[in-house]
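This report walks through one protein model, moving from its overall make-up to single residues. Please keep the sequence and the 3D view at hand while reading.

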Amino acid sequence: MPTLRKPMLHSTIVLAALSLTACSATGQNSTPSSHSSVLGTTTFAATTTPEPGESTTTDETATQEPAGSQDAPESTTPIPHVELKKTATVGTQLTDPWGIATLPDDTFLVTEKKTVAIAHVTADKTTQLTGAGITELTNFVGELGAESTDEAGLYGIVASPQFEQDSALYVFASSGKSSTVFRLTLNGTTLENPTAIIEGLPAGAGHNGGALGFDNDGYLYISTGDAGQPHLAGDLDSYAGKILRIRADGTLPTTNPLTASAIWSAGHQNVTAFTWTDNNTMLAVEPGNTMADELNLITSGANYGWPDLEGTGGANAYYTDPILEWEISGNRLDPSSIVATDNSIYIASYANQNIHRYEITDTGLGENQTLLTGTYGRLGSLATTPTGKLAALTAYTSNRTAHTAPTPSELQPQDTQEEKALAKKQKNADRIHIFEITF
Ligand SMILES: [Ca+2]
């Protein structure tokens, strides 16, 4: 059995992210008044893999910092607040949308989870893709999913970093028994050349992960949930409850922490989304079980605690603490998505039906600004556009976190007043809302 040793860096990296001292090399003014030039000098450590025996520098003051409650990171200056000015709402007749990918021409591809469909959404129309790729996805979900649960279907979608050259897309599909990531090519309105680049991923009646994304170096990351078997999250012979890292062609990088394994990090219950800052720092969100929702800074070889631990408590032991957490018994977040742009991170919240923004400051993360509260109902996947806008998928009916509500057309006479109110509220649901970020 492979061993995922506690990396020497894995706890200090998290703390360094909240340390002022680690970024003083540029002599940058600590006033984060501009959003345009700070990302490259944030204190987030680059997510490089430490070599065996590599020495680490521990900042003594940093180790005194609390590293995990929502109000722990202190900002020395108020953050410049932003406004999200809606510029468009696109995407009609989407059914249970889950994943969103932005293409270089400023259009979107959206996965429809349960209908096993992919829609191309432009400013003026929504087109359902056809072709051998859709057939393959349908066969995979359908054949294996004969006994499937609501968790079978399509999840994350991401465009190749070289999309303009290779027209390639990556889609996470789950049958409820197992999951596969397919590579496909887009040709007009057809999806062609389906190829499984990693398959046999654990899946179950819930917690099937499904996030996909490329880091700034072109590696593909995949989140898998614990598939309803929490102990597997810490089992390094299982791909359940992990973040995986592979090359775009499906082969294994030589720089992963385990030999002959796609595992990049362990101890996750169900990472719903991840993103990278401009300096390639990886951040991931995952809803908790009974204790705490988490924002984690993901580093090679780290274990984030599930199922032994939720929230803080592991930084001095085997596990890596979150850099932010939200108590489930208090004001939980139930995070559905995260993107980093313009020197900020934006986290979509199912529970609060809003977006929480944190500026990336010299000291790590700044204050929290909440946006869109109560305006659009539950928010699903977020994406950034080539022109710097923020796109938010309102996926009110998604079973992504088991928060379901009927659409207006699904209402039955016996439905409660609460359900009717929910249905009315989601008139904006199952759309992509596009926002200009103004400072
Ligand atoms: Ca954790």
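## Overall make-up

Strands here are DSSP runs of E with at least two residues, and helices are runs of H or I with at least four, both numbered from the N terminus. In this predicted model, the secondary structure comes to four helices and 24 strands. Of the 439 residues of the protein, 52% count as buried, and among the contacts with a separation of 6 or more, 62% are between residues 24 or more positions apart.

The largest nonpolar core has 98 residues, and those with the most contacts inside it are Val 171, Phe 274, Leu 283 and Ile 338. Two of the sections below return to residues of this list.

## Two open sheets

Strands of a sheet pair through backbone hydrogen bonds, in either a parallel or an antiparallel arrangement.

Strand E23 (residues 390-394) and strand E24 (residues 431-438) run antiparallel and are joined by five bridges; the bridge partner of Ala 392 in E24 is His 433.

## Strand E7 and its partners

How many residues of strand E7 (residues 168-174) are buried? Six of its seven residues are, and the strand is therefore described as mostly covered, where a residue counts as buried if 20 or more other C-beta atoms lie within 10 Å of its own. E7 pairs with strand E6 (residues 153-159) in the antiparallel sense over five bridges, and Ala 159 stands opposite Leu 169 in E7. Seven bridges join E7 to strand E8 (residues 178-187), and these two strands also run antiparallel, with Phe 172 opposite Val 181 in E8.

E7 and E8 form a hairpin with three residues between them, and in the turn Gly 176 has a positive phi of about 90 degrees. Val 171, one of the residues with the most contacts inside the largest nonpolar core, touches Thr 111, Leu 137, Leu 154, Ile 157, Phe 182 and Leu 184, when residues up to four places away in sequence are not counted.

## The surroundings of Ala 340

Ala 340 has its place in strand E18 (residues 335-341). This residue is buried, because 21 other C-beta atoms lie within 10 Å and the cut-off is 20 or more. Leaving out residues up to four places away in sequence, Ala 340 touches Thr 275, Trp 276, Thr 277, Leu 283 and Ile 345. One of these, Leu 283, is also among the residues with the most contacts inside the largest nonpolar core. Ala 340 and Leu 382 are 42 residues apart in sequence, and their C-alpha atoms are 9.9 Å apart in space.

## Backbone details in the loops

Most residues other than glycine have a negative phi, and most peptide bonds are trans. Which residues are joined by a cis peptide bond? They are Trp 306 and Pro 307, with an omega of about 5 degrees, and Pro 307 lies in the loop between strand E16 (292-298) and strand E17 (324-327).

Gln 353, in the loop between strand E19 (344-349) and strand E20 (354-361), has a positive phi near 55 degrees although it is not a glycine. Leu 372 likewise has a positive phi, near 65 degrees, in a residue other than glycine, and lies in the loop between strand E21 (364-371) and E22.

Note on methods:
Residues numbered from 1 in each chain as written. Predicted model: local features only at pLDDT ≥ 70, side-chain atom pairs only at ≥ 80, totals over all residues. Core = buried A, V, L, I, M, F, W, Y, C linked by C-beta atoms within 7 Å. Buried ≥ 20, exposed ≤ 12 C-beta atoms within 10 Å, placed from the backbone. Contact = placed C-beta atoms within 7 Å. Pairing = 2+ DSSP bridges.
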